[in-house]
Amino acid sequence: MKHVLIVGAGAAGIMAALAAAEAGAKVTVFEKNDIVGKKMGITGKGRCNLTNTCPMSEFIARTPGNGKFLFSAYGRFSNTDLRAKLRRWGLETVEERGGRVFPVSQSAVEVRKFFYRVLRDKGVTLCLNEAVESIYEENGRWFVEAAAGKTAGDACIIATGGVSYPVTGSTGDGYRFAVLQGHTLKELKPSLVPFVSPHKWVHDLSGLSLKNVEATLWKGRKKIDSRFGEMIFTHFGVSGPVILLLSTAAAHKGKAEFPMELVINLKPALSEEKMLARLKRDFEKYERKQMENAMRDLLPHRLIPVVLARAGVAADLQASQLPAAARRQIAYVLQNLQLTVTGTRPIEEAVVTAGGVSVKEISPQTMESKLVPHLYFAGEVMDIDALTGGYNLQAAFSTGYVAGTAAALQEDE
Ligand SMILES: Cc1cc2nc3c(=O)[nH]c(=O)nc-3n(C[C@H](O)[C@H](O)[C@H](O)COP(=O)(O)OP(=O)(O)OC[C@H]3O[C@@H](n4cnc5c(N)ncnc54)[C@H](O)[C@@H]3O)c2cc1C
């Protein structure tokens, strides 16, 4: 019977342990926290977006960080395989808007506790509160060293995650282990992270959220990406779903360095002509009002002075006095509200870490190192990252499953 050692009990390490145990191996998991799946317990705004129901080809398209590397892992352990397994182990899931899959309990903490129970049921040895200090291979055996001593096994799986949200235990230790084994690290960058903007007017709008806007990120004349949906102004800049998605594009588009320009179309459903017609109608309806009150049907009131200032229109001007050229200027600003983005919030605040252990040195079929036999990788520690929607957890589960199975069934050298 093979003895598989796993460093890290996040989504990837947990699934690797369960797969290895089901494949007949003895499994020991080392986790520095006193619980398993600490990060999983805060995912999906506390609801845990486990995966998505879209075809696996779309998973790959929504994984800008080396999606194609996951093709084989998804072939072996897909979203439907995951849901079937979870059901067999006792966790029911439900599909919601956008194909997002959540536990029926709607509780990420329940998911974390569920996995703890399954790990115990499957006979996995859990070494909690054990921060692994080093891993090494000697005479064909793998050793995992922690303060409590060293443990020997036939294979070692590094599933230590990235460096985002370090309070959950993901502090990048696995990168050090990998580099010491000769692996290459691709530059770490924050992904799915808010943007920082220097403008006072942006900070002053802190707390204001906008729905159904289109935000486009530009580097000079090069369009980086464009997204439709919700965003929010904060005391440091901008955040929310569309901004997080744009940050992923910023992390992946080669030379796209900050500063960049963010252009917000507050009325993306209207053509230029319809926008002008709408303004004309509103200003006729409110002709006796001052401009700051004549736009209340159109915009949240906190945004009105910002738009007027940028259009060069006095807030106390009576709507009936507004020249046609100024109306065009307002229409333009409404569809091109521009702000400078000087950077992102720190990587610790990112939902995922882009970059990590180079996937060129890992077999996509088994997750085994191409450099060192019987060393495996799973999850975010590798140079993979995806958009929001359940794709990151599925990547962790699929690579964990593949690594765990391969490590349990590996041939002796
Ligand atoms: C706020 C937030 C919300 C998210 N929501 C979602 C979502 O809804 N859906 C989705 O798909 N993705 C989501 N993600 C992303 C997803 O959580 C991660 O991509 C995923 O958890 C990665 O799993 P992992 O097992 O590779 O790493 P991790 O979950 O980071 O687990 C790594 C584990 O290794 C342990 N470890 C590290 N070093 C050592 C060591 N030296 N010794 C022992 N143990 C060690 C850590 O303590 C940790 O438990 C979210 C992320 C965040 C931060």
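Apart from neighbours within four places in sequence, S78 is in contact (heavy atoms within 4.5 Å) with M56 and Q394. S78 is found in the loop between helices α4 (71-76) and α5 (79-89); helices here are DSSP runs of H or I with at least four residues, strands are E runs of at least two, and both are numbered from the N terminus. S78 has a relative accessible area of 10% and is therefore buried, the term denoting under 20% relative accessible area, with over 50% counted as exposed and values in between as partly exposed (1.4 Å probe, protein chains only). The model is a predicted one, in which local features need pLDDT of at least 70 and side-chain atom pairs count only at pLDDT 80 or more, whereas totals for chains, interfaces and linings use all residues. Residues are numbered from 1 along each chain as its sequence is written, and side-chain values use heavy atoms, with hydrogens and water left out.

Aromatic pairing was examined across the whole structure, and eight pairs were found. Rings of Phe, Tyr and Trp (its six-membered ring) pair if their centres lie within 6.5 Å; planes under 30 degrees apart are stacked, those over 60 edge-to-face and the rest tilted. The ring centres of F59 and Y74 are 5.6 Å apart and the planes stand at 70 degrees, so this pair is edge-to-face. Because F59 belongs to helix α3 (residues 56-61) and Y74 to helix α4, the pair ties together parts that are 15 residues apart in sequence. Both partners are buried, F59 at 0% relative accessibility and Y74 with a relative accessible area of 3%. F77 and Y401 form a stacked pair, because their ring centres are 4.2 Å apart and their planes lie at 10 degrees. With F77 in the loop between α4 and α5 and Y401 in helix α14, this pair ties together parts 324 residues apart in sequence. F77 is likewise buried, at a relative accessible area of 2%. Ring pairs also link F59, Y74 and Y391 into a cluster.

A polar side-chain atom of N33 lies 3.2 Å from a ligand oxygen atom, and a polar backbone atom of G44 is 2.9 Å from an oxygen atom of the ligand. For E380, a polar side-chain atom lies 2.7 Å from an oxygen atom of the ligand.

Notes. A polar contact is a pair of N or O atoms within 3.5 Å; within protein, one must be able to donate a hydrogen and the other to accept it, and residues adjacent in sequence count only if both atoms are side-chain atoms.
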